[in-house]
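Biologist: Please show me the model. I have some questions about its parts.

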Amino acid sequence: MNNYKIAAATIALCVSMSAGAADIGILNVDAPGIGFNDPTPATPVGGNAGNTVGEQRLIAYRRALDLWGATLKSDVPILVQGSFAGLNCTPTGGTLAQAGATFIFSDFPGAPLAGHWYGSAVADAISGMELAGAGLPDIVANFNGNIGQPNCIAGPGWYYGLDNNPATGQTDFLNVFMHEVAHGLGFQNFVNEATGATIQDMPDVYMANTLDLQFGELWNTTVFEPSGQTSLFIRISATNTGNVVWAGPNVSANAAQVLGDFQGIRVIGTLNQDIVFGTAGFGAPATPETFGGEIVIGDDGVNVGGDGCEPLVNDVAGKVALVDRGACAFTVKAKNAQDAGATAVIIANNQATGAIGLGGSDPTVTIAAISVSIEDGAAIKAASPGVSIEFYIDPTRLAGTNQNLVRLYAPAAVALGSSISHYDTVATPNLLMEPFINGDLRASSNLDLTPALMQDIGWNLETLKINSCDTGVANALANGDLFSVKVEACAAGATNHGKFVSCVSKAANDAKKAGLISGQQKGAITSCAAGN
């Protein structure tokens, strides 16, 4: 057996516990008075009863770990080390959190793939052994303690409610933590995409499921090629936007239960091509009805093609305005375009990180907004005037896929910690494991395609247990819904046992009608509810 200690966290963004469920514990390393120990008074919110900021952080932390514990099966305890610290940040953006595995192992007892690295938590679960040693953290997760300050994503800061219902401008801690823990549980690779270098010249299980469709090659199959071909292939593939996909069978099998129809943006006129785009968490959603028409490069009075942080002075009325990312919030750019009469706005990235998700909130913004890459923004500018854009839907394809395989994030320039170890931003609806946290995520009750990927790297899914009764049905359904959360809601709302059973039975029947469980599984869930 080989093992390796990861130097630092590498990736940046109530169920009763029973035998088999992953017992995930907290290791709080914050100093007294800060982070998880912050004594600042706080008002209970969104199901979080904590009376101080530190208490609320720990309660939300514990809830996230319980949700993951009810999703994955392990007989070995998992320890997550957490802390709040100052991470890279600006007034309009920055790193919310970063997390990853602390140890990796290969060729351990029961390892499905020989000669491949596995993160500590999944390796322990597969082997049934505490490979790193008792008391050592399997995952390290650091959170940005400066969120909400004037120099760090200025605004109301973190939301610690457990209901995914933050106020305008708040950042949902539960969504962020569910995302970060997933990285530590195995949603990450251990290769440097910029150089192609692997740890001790060995691939990992994530690479074994990473496929480049253009080359027809899995990332783990080139590791031992001669003459440095491994580095060359990884470096090229890591930026092969749209062509790098997840090849694991469970994600592919569940994709149709999670993803909607393919949504595309087509530029026509002097430039004719489809372009990758990111969606916004504010304004109207982009649809064929809300997004389309002639593109005009916005002039904010500073220069043509400016960042749109000042009111636009050129004629964009009835047209789609194009402005650049940078200097102010995305909502400010959209509002300035809207005030100038634009019907929609395109925000071109100013960094080589592809088309990103546009965060922020402003209820007065009613037009649709999308982002495009720095390269596509430059191409549109070069071809203007005479360029129009249209939004289209193709029901024969799934959003966020290529050849029916779910795309991974491969922007035109490597973003270490983000490239490949996330789903692509083109997925619709947005997925928990995209590189940007979006406002429509509901990780308190739905993990979309994340549990399926965990299965593909070696995890077994935990079954739904209602008190001591094991239904035998995976708690995480094919669409990502956590059935245990539905059972909790039934228990909280029922005034007697009969109403509880009726509520659970209805939830099971709805899941059966949706094709998520069989009639036999519905019966098993109802039987467990009735017997407890």
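**A helix and its cover**

Modeller: The cover over the buried residues of α2 includes β5 (78–85), β8 (97–101), β9 (103–106), β10 (118–119) and α3 (173–185). Contact means heavy atoms within 4.5 Å. Helices (H or I, at least four residues) and strands (E, at least two) are DSSP runs, numbered from the N terminus. This is a predicted model: local features need pLDDT of at least 70, side-chain atom pairs count only at pLDDT 80 or more, and totals for chains, interfaces and linings use all residues. Residues are numbered from 1 along each chain as its sequence is written, and side-chain values use heavy atoms, with hydrogens and water left out.

Biologist: How many of the eight residues of helix α2 are buried?

Modeller: Buried means under 20% relative accessible area, exposed over 50%, partly exposed in between (1.4 Å probe, protein chains only). Ser120, Ala121, Val122, Ala123, Asp124 and Ser127 are buried in α2. The helix (residues 120–127) is largely enclosed by the rest of the structure, because the buried count is six of the eight.

Biologist: Is Leu232 buried, partly exposed or exposed?

Modeller: Leu232 lies in helix α4 (residues 229–237). Its relative accessibility is 36%, so Leu232 counts as partly exposed.

Biologist: Which strands stand at the edges of the open sheet?

Modeller: Three strands form this sheet, antiparallel, in the order β17-β16-β18. Two strands pair if DSSP finds at least two bridges between them. Strand β16 (residues 210–212) pairs with β18 over three bridges. Each edge strand has a single partner, so one side is left without a neighbour in the sheet: these are β17 (217–218) and β18 (244–246).
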